[in-house]
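Here are a few notes to go with your copy of the model. Keep the 3D view open and follow along point by point.

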Amino acid sequence: MTIQRVGVIGSGIMGSGIAEVAAKTGHEVVLRSRKQETADDMVSRLTKSLDKQVERGKLEQADRDACLGRVSATDDLAKLADCDLVIESVVEDLDVKKALFQELDGIVKADGIIATNTSTLPVVEMAVATSRPDKVCGVHFFNPAPAMALVEIVRPLTASDETIATVREFATTCGKNPVEVKDRAGFIVNALLFPFLNNAVRMLENGTASAEDIDAAMQGGCNHPMGPLALLDLVGLDTSVSILDALYEEFKDPNYAAVPVLRRMVAAGHLGRKSGRGFYDYSKK
Ligand SMILES: NC(=O)c1ccc[n+]([C@@H]2O[C@H](COP(=O)([O-])OP(=O)(O)OC[C@H]3O[C@@H](n4cnc5c(N)ncnc54)[C@H](O)[C@@H]3O)[C@@H](O)[C@H]2O)c1
């Protein structure tokens, strides 16, 4: 099967980015958020992003118009019925995702693939919440989705070769470089990245250096495009704690145990860029 019509669920950082990637590469996209207002907001953000690209000479006006013409926004899950592929990108919570998969199973056409953008959670648990576990897999985009080249295609024990091949082909059509990985917490990137990010927070908490100097050191000393604390702010500290919890739950490795201050920052509502404050203050930027 070739993927033409894509459903994207979740109006957060990742849902918006994935929708932009899919629409720009010629797919019809149905955006679904729990409220019509936030679904419409996603389209407004997409419009702004495309307008900026036209202004900078990176996109033709006609391509911008065609892209927006392929996008519709809804608060109704039933509108995803005829999608070839549905990608859920809601909050990193297994119970929420399993309930959503169960509901989608009763809505999406029988040969439709249902995929998750989870960063760490067991994809197989979402697969067995449906009556089509062979048509469920992970399709893990990176943040910001329009800019990042990688997509991890996550293969749960239950997925068919055809599903994996179809989703891999979709990622390629989106202009991404797919890699395939088994269904283990953190897949490739986050399993390797998060102990590093967590240890940067530990270093800050120990008073070894300031946030600015930890970030400057990793940028200047290792050529990282951004420092670990700035990266945590970009990912979102709530999402980061959920990722660390899922990694710790699976491997019981102390490097995955979220440093206490991270959890306290989440409790305080300091979620990073999306809330205007994390390790850095974004309210005036
Ligand atoms: N932030 C990242 O860098 C990143 C990167 C790759 C993958 N992911 C994954 O993408 C998914 C979404 O992350 P995000 O960063 O876009 O988060 P976000 O906080 O920006 O958005 C989360 C979305 O989930 C919705 N939501 C919250 N509770 C819900 C519920 N009970 N039922 C249905 N929807 C609900 C919110 O309204 C929002 O639209 C997560 O699974 C996350 O692990 C995140």
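This is a predicted model: local features need pLDDT of at least 70, side-chain atom pairs count only at pLDDT 80 or more; totals for chains, interfaces and linings use all residues.

1. The top contributor is α7, with 5 residues.

2. Now look at the pocket itself. It holds about 1,200 Å³ of space, and 45 residues line it, with I13, M14, N143, V235 and T239 nearest its centre. By class, the lining splits into 22 nonpolar, 15 polar and 8 charged residues.

3. What takes up the space of the largest pocket? That would be the ligand. α1 (13-24), α4 (94-105) and β6 (136-141) are the elements that give two or more residues to the shell around it.

4. Zoom in on that shell. There are 21 residues around the ligand, and M14, E92, K97, S119 and V235 come nearest. Sorted by class, the shell has 10 polar, 7 nonpolar and 4 charged residues.

5. Next, check some distances to oxygen atoms of the ligand. An N or O atom in the R34 side chain is 3.1 Å from one, a polar backbone atom of G12 is 3.2 Å from one, and a backbone N or O atom of V90 is 3.3 Å from one. On its own the ligand has 840 Å² of accessible area, and the protein covers 81% of that.

Note on methods. Residues are numbered from 1 along each chain as its sequence is written. Side-chain values use heavy atoms; hydrogens and water are left out. A residue is near a molecule or strand if one of its heavy atoms lies within 4 Å of it. A polar contact is a pair of N or O atoms within 3.5 Å; within protein, one must be able to donate a hydrogen and the other to accept it, and residues adjacent in sequence count only if both atoms are side-chain atoms. Accessible areas come from the Shrake-Rupley method with a 1.4 Å probe; for residues, only the protein chains shown count as cover. On a 1 Å grid over the protein atoms alone, a cavity is a set of points where a 1.4 Å probe fits but cannot get out, and a pocket is an open set with protein on both sides within 12 Å along at least five of seven lines; lining residues have an atom within 4 Å of a point. A molecule sits in a cavity or pocket if more than half of its atoms lie within 2 Å of its grid points. Helices (H or I, at least four residues) and strands (E, at least two) are DSSP runs, numbered from the N terminus. Ala, Val, Leu, Ile, Met, Phe, Trp, Tyr, Cys and Pro count as nonpolar, Asp, Glu, Lys and Arg as charged, and the others, Gly among them, as polar. Grid points are joined across faces, edges and corners, and a volume is the space filled by probe spheres set on the points.
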